[in-house]
Amino acid sequence: MDIDRARTFLEIVHCGSFLRAADRLHVTQTTVSARIRTLEEELGRQLFIRNRNGAQLTPAGREFERYAQSFVQIWERARHQLAIPSGRTSVVALGGELSLWNPLLLDWLVWMKQAKPEIAIHAHVGVPDQLLDQLRTGVLDIAILYAPKLLPGFKVEILQEEQLVLVRTVAKDGKRDAASTYVYVDWGPLFAAQHDATSAAFGEPGLFVGLGPLGLSYILRAGGMGYFRKGVVAPLIAAGELETVEGAPEFTYPVYAVYPEASEGRTDVQEALDGLKQVVR
């Protein structure tokens with residue numbers, strides 16, 4: 001079976017539309033339709049029902065989905081294995097959200113170098129949807145995410161339950177206008193729902209930021225307060241650059257590892273997961 005047909009099938013499943021799949025794959029809708037038609041002819045089954053709202057899987061399509069995922073993942077795995085650097089035994093591709101690279105995934109890279117130097121690493125950063133796409137198509141072996149969507153054929157393990165705490169820059173000469181210096185950091189829909197229930201205490205934020213490290217760098221330079229990961233701000237609190245806001249609610253922010261169920265038989269992936277669990281302890 002042509003790998004492009006399997007990828008096209010999975011993209012339609014993900015998007016729910018032939019047209020959107022064509023846009024994401026950078027091909028024409030005619031090409032997408034031709035690939036699926038050929039795939040259906042090879043399998044002898046109709047895979048999609050097309051209507052004005054998009055495309056829905058038939059029972060045969062739902063059954064074929066897990067095989068298509070396995071096929072694409074095996075293909076990507078073969079590409080990685082054939083590209084193993086000299087002196088290494090295997091390759092593990094891991095991706096994480098931008099705000100997780102310091103310190104969690106940086107610590108993991110150092111741990112892997114010291115404990116498992118025979119394993120080559122492909123490290124990626126990205127936004128959640130991009131990382132899940134790469135995981136689904138076999139580009140990644142493991143994705144580290146805050147709020148992963150559940151995908152058939154994949155396992156989700158909690159790695160760490162971080163706390164988001166409200167901190168502010170230390171006032172100089174006793175001057176502080178807390179209401180006008182609150183920086184809202186977008187930590188996802190769960191945080192937003194919890195935050196909205198207590199948002200009146202913070203005043204209207206003058207700045208909305210979609211990335212934690214950017215928000216933290218901003219208040220360190222310009223002053224202000226916001227919610228950040230407890231482990232990240234702890235050294236800054238110890239150094240006297242930040243202080244916690246007493247009485248402010250804290251929010252749980254769990255970190256998850258997502259990987260294919262088929263990877264449970266891969267020693268290198270399991271060792272990489274063990275390394276992640278080691279560095280968060």
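What follows is a close look at strand S6 and the parts linked to it. Which strands pair with S6, and in which sense?

Analyst: Keep in mind that this is a predicted model. Start with S6 itself, which spans residues 154-169.

Take the pairing with strand S11 to begin with. S11 covers residues 251-260. The two strands are antiparallel, and 10 bridges connect them.

Now turn to strand S9, residues 225-229. This strand is also joined to S6 in the antiparallel sense, by 5 bridges. Here Arg-168 has Met-225 of S9 as its bridge partner.

Next comes strand S10, residues 242-244. Its link to S6 is antiparallel too, with 3 bridges. Val-167 faces Thr-244 of S10.

Side chains of opposite charge can pair when their charged atoms come close. Arg-168 does this with Glu-243: the closest N and O atoms of their salt bridge are 3.0 Å apart. Arg-168 belongs to S6 and Glu-243 to S10, so this pair ties together parts 75 residues apart in sequence. How accessible is Glu-243? Its relative accessible area is 25%, so it counts as partly exposed.

Lys-277 and Glu-157 meet through their side chains, at 2.9 Å from N to O. Glu-157 is in S6 and Lys-277 in helix H10, so parts 120 residues apart in sequence are tied together. Lys-277 has a relative accessible area of 25%, so this residue is partly exposed as well. Across the whole structure, the search finds 15 salt bridges.

Helix H10, residues 267-280, now leads us to another neighbour, helix H5. The buried residues of H5 pack against S6, S11 and H10, and against strands S3 (90-97), S4 (119-126) and S5 (142-145). Which residues of H5 are buried? H5 spans residues 101-115, and its buried residues are Trp-101, Leu-104, Leu-105, Trp-108 and Met-112. Why do they share a side? They cover an arc of only 120° around the axis, and this puts them on the same side of H5. An α-helix has 3.6 residues a turn, so residues three or four places apart point the same way. The other side of H5 carries the exposed residues Asn-102, Lys-113 and Gln-114.

The largest nonpolar core has 44 residues, and Ile-142 and Ile-144 have the most contacts inside it. Setting aside neighbours within four places in sequence, what does Ile-142 touch? Its contacts include Val-92, Ala-93 and Leu-94, and also Ala-257, Val-258 and Tyr-259. Val-269, Ala-272 and Leu-273 are among its contacts too. Apart from this core lies another one, of 18 residues, among them Ala-21, Ile-36, Ala-55 and Phe-64.

Finally, go back to S11, the partner of S6 over 10 bridges. A pair of aromatic rings is described by the distance of the centres and the angle of the planes. The count for the structure is 11 aromatic pairs. In one of them, the rings of Tyr-184 and Phe-191 have centres 5.8 Å apart and planes at 40°, so the pair is tilted. Both Tyr-184 and Phe-191 are buried. Phe-191 also pairs with Phe-251: the centres are 5.3 Å apart and the planes stand at 85°, so this pair is edge-to-face. Phe-191 lies in helix H7 (residues 189-196) and Phe-251 in S11, so the pair ties together parts that are 60 residues apart in sequence. Ring pairs link Tyr-184, Phe-191, Phe-208, Tyr-227 and Phe-251 into a cluster.

Key
Residues are numbered from 1 along each chain as its sequence is written. This is a predicted model: local features need pLDDT of at least 70, side-chain atom pairs count only at pLDDT 80 or more; totals for chains, interfaces and linings use all residues. Side-chain values use heavy atoms; hydrogens and water are left out. A nonpolar core is a set of buried Ala, Val, Leu, Ile, Met, Phe, Trp, Tyr and Cys residues joined through side-chain atoms within 4.5 Å. Buried means under 20% relative accessible area, exposed over 50%, partly exposed in between (1.4 Å probe, protein chains only). Contact means heavy atoms within 4.5 Å. Two strands pair if DSSP finds at least two bridges between them. Helices (H or I, at least four residues) and strands (E, at least two) are DSSP runs, numbered from the N terminus. The arc is that of the directions from the helix axis to the C-beta atoms. A salt bridge is a side-chain nitrogen of Lys or Arg within 4 Å of a carboxyl oxygen of Asp or Glu. Rings of Phe, Tyr and Trp (its six-membered ring) pair if their centres lie within 6.5 Å; planes under 30 degrees apart count as stacked, over 60 as edge-to-face and the rest as tilted.
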